Amino acid sequence: MQKRTLGADLEVSAIGLGCMGMSEFYGPRDDEESLNVLARAVELGINFFDTADIYGPHHNEQLIGDFLRHSSASIKVATKFGIVRKPNEYKRDLNNRATYARHCCEASLRRLGVEQIDLYYVHRVDPHHPIEETMEGLVELIKEGKIARIGLCEVSEETLRRAHAIHPITAVQTEYSLWTRGVEADVLPTCQELGIGFVPYSPLGRGFLTGRFQEDREFEGGDFRASLPRFAQSAIGTNRRIADVIADMAREKGCTSAQLALAWLLAKGDHIVPIPGTKRLKYLEENAQVSAITLSESESAALEAAIEQLPVMGERYTPEGMKGVNT
Ligand SMILES: NC(=O)c1ccc[n+]([C@@H]2O[C@H](COP(=O)([O-])OP(=O)(O)OC[C@H]3O[C@@H](n4cnc5c(N)ncnc54)[C@H](OP(=O)(O)O)[C@@H]3O)[C@@H](O)[C@H]2O)c1
């Protein structure tokens, strides 16, 4: 597995592992299989695990903590705070206050069973709270050794610049994939300019770009995707054409759709580290092989040109969810 560096000094595998789906959002969980996936990821050279306090809530950090307590591997863990959720509800509030960051950080450290969080993200920026105050609180946590680095999710260019002026940001984590390319307009070039890493989440379009979802939806109970506009019955047929283009090109290149979607992201810049999510060994193995696949500029351009002909139907979140992005 090749390595990449986020920000000044966070050296990680070229792809990380998104752990969210091991706890909720994408159907039933299976802790035993998830622990096997974490162990196999390490064997495959993946050393960058992505979680958040609200995944579960808390189950995901506890699961990773259980794994880390029994592993001698050197894993870089990224976690997040800033979204406040009640158990068994999706409704949420934002809290970016420095006192809340401290409270969450200490709880995450206990659940993960580590002395320091390698990368600590603000999960969503609260537009009603000055980012400067949040950053000053996070800098205190760095001075105390509780976190090593700071990241921001779904941040606007303006907020990113303001935050970076207080303390260097190591990485921005925002949705980015072949069907979600909004960051290319401003945030991605700003990251490049300021030496900030970029971590695309949902790099497989929450699984859609792999071609898994056919005309008939097959979400198991409680699958969050059933609520997303792009996965609505009325949109899935239209959007399916995008997955078909990817499948056609993947076939020509002798790889899978998931591998092509990840290779396209890796080709976008050395400061990019996608974190495909899975709770299955089969998908993990497949995704890890992307390191061996290179996409030329002309191949990337052809893929983009074909997909640009096919406008995506539906926003990536509900109207409520869209309020939390690019803030
Ligand atoms: N900062 C944020 O706001 C935010 C938001 C969302 C996600 N994230 C992070 O980003 C990570 C990745 O995003 P994501 O999990 O939403 O989306 P993703 O990586 O685009 O897609 C995950 C889905 O694709 C499926 N999948 C994975 N590899 C596959 C393959 N090779 N073939 C077919 N299907 C495959 C998974 O299946 P199985 O479930 O069956 O394994 C899962 O349902 C998350 O785990 C989380 O850590 C962050």
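Q: Where does arginine 206 lie?
A: Arginine 206 lies in the loop between S11 and helix H7 (233-253). Helices (H or I, at least four residues) and strands (E, at least two) are DSSP runs, numbered from the N terminus. This is a predicted model, in which local features need pLDDT of at least 70 and side-chain atom pairs count only at pLDDT 80 or more, while totals for chains, interfaces and linings use all residues. Residues are numbered from 1 along each chain as its sequence is written, and side-chain values use heavy atoms, with hydrogens and water left out.

Q: Buried or exposed, that arginine 206?
A: Arginine 206 is buried, with a relative accessible area of 8%. Buried means under 20% relative accessible area, exposed means over 50%, and partly exposed is in between (1.4 Å probe, protein chains only).

Q: What is phi of arginine 206?
A: Phi of arginine 206 is near 55°, which is a positive value in a residue other than glycine. Most residues other than glycine have a negative phi.

Q: And what is phi of asparagine 326?
A: For asparagine 326, phi is near 55°, again a positive value in a residue other than glycine. Asparagine 326 lies in the segment after helix H11 (319-322). With a relative accessible area of 48%, asparagine 326 is partly exposed.

Q: Which residues does the cis peptide bond join?
A: The cis bond is between glycine 56 and proline 57, with omega at about -25°. Proline 57 is in the loop between S4 and helix H2 (59-69). Most peptide bonds are trans.

Q: New topic. What is the order of the strands in the open sheet?
A: The order is S3-S4-S5-S8-S9-S10-S11, an open sheet of 7 strands with parallel pairing. Strand S3 (17-18) and strand S11 (197-201) stand at the edges, each with a single partner strand, so one side of each has no neighbour in the sheet. Two strands count as paired if DSSP finds at least two bridges between them.

Q: What do strands of a sheet pair through?
A: They pair through backbone hydrogen bonds, either parallel or antiparallel.

Q: How many bridges do S4 and S5 pair over?
A: Strand S4 (residues 48-50) pairs with S5 in the parallel sense over 3 bridges. Aspartate 50 stands opposite alanine 78 in S5.

Q: What about S5 and S8, how many bridges there?
A: S5 and strand S8 (residues 119-122) pair over 4 bridges, in the parallel sense. Threonine 79 stands opposite tyrosine 120 in S8.

Q: How many residues of S5 are buried?
A: In strand S5 (residues 76-81), 5 of the 6 residues are buried, and the strand is mostly covered.

Q: Now the helices. How do the axes of H3 and H4 cross?
A: The axes of H3 and helix H4 (residues 131-143) cross at roughly 40° and come within 8 Å. Axes are lines fitted to C-alpha atoms, for helices over the stretch in contact, and angles run from 0 to 180 degrees between N-to-C directions. H3 passes H4 in a right-handed crossing. A crossing is right-handed if the near helix is turned clockwise from the far one by less than a right angle, and left-handed if anticlockwise.

Q: Which residues meet there, H3 to H4?
A: Ala98, Ala101, Arg102 and Cys105 of H3 meet Glu133, Gly137, Leu138, Glu140 and Leu141 of H4. Contact means heavy atoms within 4.5 Å. By class, this contact of H3 with H4 has 5 nonpolar, 1 polar and 3 charged residues. Ala, Val, Leu, Ile, Met, Phe, Trp, Tyr, Cys and Pro count as nonpolar, Asp, Glu, Lys and Arg as charged, and the others, Gly among them, as polar.

Q: At what angle do H1 and H9 pack?
A: Helix H1 (residues 31-43) and helix H9 (residues 281-288) pack at an angle of about 20°, and their axes are 9 Å apart. That makes H1 roughly parallel to H9. Angles under 35 degrees count as roughly parallel, over 145 as roughly antiparallel, 65 to 115 as roughly perpendicular and the rest as oblique. The contact involves Glu33, Asn36, Val37, Arg40 and Ala41 of H1 with Leu281, Leu284 and Glu285 of H9.

Q: Last one. Where is asparagine 96 found?
A: Asparagine 96 is in the loop between strand S7 (92-94) and H3. Asparagine 96 counts as buried, at 1% relative accessibility. Leaving aside neighbours within four places in sequence, asparagine 96 is in contact with residues including Phe81, Val122 and His129.
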